[in-house]
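Please keep the sequence and the model in view while reading.

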Amino acid sequence: QVQLVESGGGLVQPGGSLRLSCAASGSIFSIGLMGWYRQAPGKERELVAVIGTGGTTNYADSVKGRFTISRDNAKNTVYLQMNSLKPEDTAVYYCNVKRGVITYWGQGTQVTVSS
């Protein structure tokens, strides 16, 4: 069993920045891919960014150049640095961790970008 605790969401003005964190605990041995998804009202859940164990990253076109995903394997934590935020980024953000055939999800954290 892996537990994921997210933090860092909130309300920010357009152009601002936030950093999301997701800390894993429990049976964290051999954790593989870590990533972030988001879901806005009336929209389907979409992949924002993923990072592999070796540091390889992939981003959605809508966030490329503005968001940066990183991981600290010693701390069992994945981060999402969000810069130049836009109203279109408003959504509930969920972290995602894969361990073998099992996928674990964080509780979700609300990010609202509004003036």
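Beyond the neighbours within four places in sequence, Gly-10 is in contact with Leu-18, Gln-110, Val-111 and Thr-112, where contact means heavy atoms within 4.5 Å. The model is predicted, so local features need pLDDT of at least 70 and side-chain atom pairs count only at pLDDT 80 or more, while totals for chains, interfaces and linings use all residues. Residues are numbered from 1 along each chain as its sequence is written, and side-chain values use heavy atoms, with hydrogens and water left out.

Gly-10 lies in strand 2 (residues 10-12); strands (E, at least two residues) are DSSP runs numbered from the N terminus. With 25% relative accessibility, Gly-10 counts as partly exposed, because buried means under 20% relative accessible area, exposed over 50%, and partly exposed in between (1.4 Å probe, protein chains only). The residue opposite Gly-10 in strand 11 is Val-111. Strand 2 and strand 11 pair in the parallel sense over 3 bridges, pairing being defined as at least two bridges found by DSSP between two strands. The C-alpha atom of Gly-10 is separated by 12 Å from that of Leu-85, 75 residues apart along the chain.

Strand 11 also pairs with strand 9, in the antiparallel sense and over 3 bridges. Here Gln-110 of strand 11 is the bridge partner of Val-92.

An open sheet of 4 strands has the order 1-3-8-7 with antiparallel pairing. Strand 1 (2-7) and strand 7 are at the edges with a single partner strand each, so one side of each has no neighbour in the sheet. From one strand to the next the twist averages 15 degrees, with axes taken as lines fitted to C-alpha atoms and angles running from 0 to 180 degrees between N-to-C directions. Within this sheet, strand 3 and strand 8 run antiparallel and are joined by 6 bridges. Ser-21 stands opposite Tyr-79 in strand 8.

The criterion is NZ of Lys or CZ of Arg within 6 Å of the ring centre and within 35 degrees of the ring normal.

| Charged residue | Ring | Distance to ring centre |
|---|---|---|
| Arg-19 | Tyr-79 | 4.3 Å |
| Arg-45 | Tyr-37 | 5.7 Å |

**The core**

In soluble globular proteins, nonpolar side chains tend to be buried together. The largest nonpolar core here has 29 residues, and those with the most contacts inside it are Trp-36, Leu-80, Met-82 and Tyr-93. Such a core is a set of buried Ala, Val, Leu, Ile, Met, Phe, Trp, Tyr and Cys residues joined through side-chain atoms within 4.5 Å. The elements giving two or more residues to this core include strand 4, strand 5 (46-51) and strand 9 (91-99). Apart from neighbours within four places in sequence, the contacts of Met-82 include Leu-20, Phe-67, Tyr-93 and Val-111.

**Two loop residues**

Most residues other than glycine have a negative phi. Ser-30, in the loop between strand 3 (18-26) and strand 4 (34-39), has a positive phi of about 65 degrees. Ser-30 is exposed, at 55% relative accessibility. Asn-76 has a positive phi of about 55 degrees and is found in the loop between strand 7 (67-72) and strand 8 (77-82). Asn-76 is partly exposed, with a relative accessible area of 23%.
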